[in-house]
Amino acid sequence: MSTETTASVSTHILDTSIGRPAEGVSISLSARSGAGADWVALGGSATDADGRCKDLPALPEGTTHVRLDFETEAYFTGSINTVKQAEAQQDAPRVRDSGAFFPEVAITFAVVPGEHYHVPLLLNPFGYSVYRGS
């Protein structure tokens, strides 16, 4: 596929509760070709030790919207050391309802051909923020 006729996507996650990359978070990538079109699952990956997801599938030609689904609950509930680190470093609650208030984070954004979209996720057990990076 030509980079002039497709967009590309990358992402990384920083766990702001401990000030470190979030390793092992599963991410799924979906795309559609218009606001009324059906979403097509393209595949996924997981973040590495640096919190980066470098091997997301390529977007098909005609993609206008992309959705990244971050599986955050497994990260927070499966990372006992992460929770303990967060509680030791800040005034985090000792008792959590489920380990993560947001069990998943879905980010949907528009793309145009020829552009690269780096979409970082800043994550903690009770909130998140996302932006278009470089």
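The protein has 2 helices and 10 strands; helices (H or I, at least four residues) and strands (E, at least two) are DSSP runs, numbered from the N terminus. This is a predicted model, in which local features need pLDDT of at least 70, side-chain atom pairs count only at pLDDT 80 or more, and totals for chains, interfaces and linings use all residues. Residues are numbered from 1 along each chain as its sequence is written, and side-chain values use heavy atoms, with hydrogens and water left out.

**Whole chain.** Color by secondary structure and read along the sequence: the pattern is β-β-β-β-β-β-α-α-β-β-β-β. Of the 134 residues in the protein, 40% are buried (under 20% relative accessible area; exposed is over 50%, partly exposed in between; 1.4 Å probe, protein chains only). Among contacts (heavy atoms within 4.5 Å) between residues at least 6 apart in sequence, 67% join residues at least 24 apart.

**Strand β1.** Select residues 8-15, which form strand β1. This strand is largely enclosed by the rest of the structure because 6 of its 8 residues are buried.

**Partners of β1.** Two strands pair if DSSP finds at least two bridges between them.

- Strand β8 (residues 116-118) runs parallel to β1, with 3 bridges; Ser 8 stands opposite His 116 here.
- Strand β5 (residues 52-53) runs antiparallel to β1, with 2 bridges; look for His 12 opposite Arg 52.
- Strand β9 (residues 121-124) pairs with β1 in the parallel sense over 3 bridges, and Ile 13 stands opposite Leu 121.
- Strand β2 (residues 20-21) pairs with β1 in the antiparallel sense over 2 bridges, and Asp 15 stands opposite Arg 20.

**Ser 10.** Return to β1 and center on Ser 10, which lies in this strand. Is Ser 10 buried or exposed? Ser 10 counts as buried because its relative accessibility is 17%.

Now show side chains. That of Ser 10 makes a polar contact with the side chain of His 118, at 2.7 Å. A polar contact is a pair of N or O atoms within 3.5 Å; within protein, one must be able to donate a hydrogen and the other to accept it, and residues adjacent in sequence count only if both atoms are side-chain atoms.

Finally, leaving aside neighbours within four places in sequence, select the residues in contact with Ser 10: Cys 53, Leu 56, His 116, Tyr 117, His 118 and Val 119.
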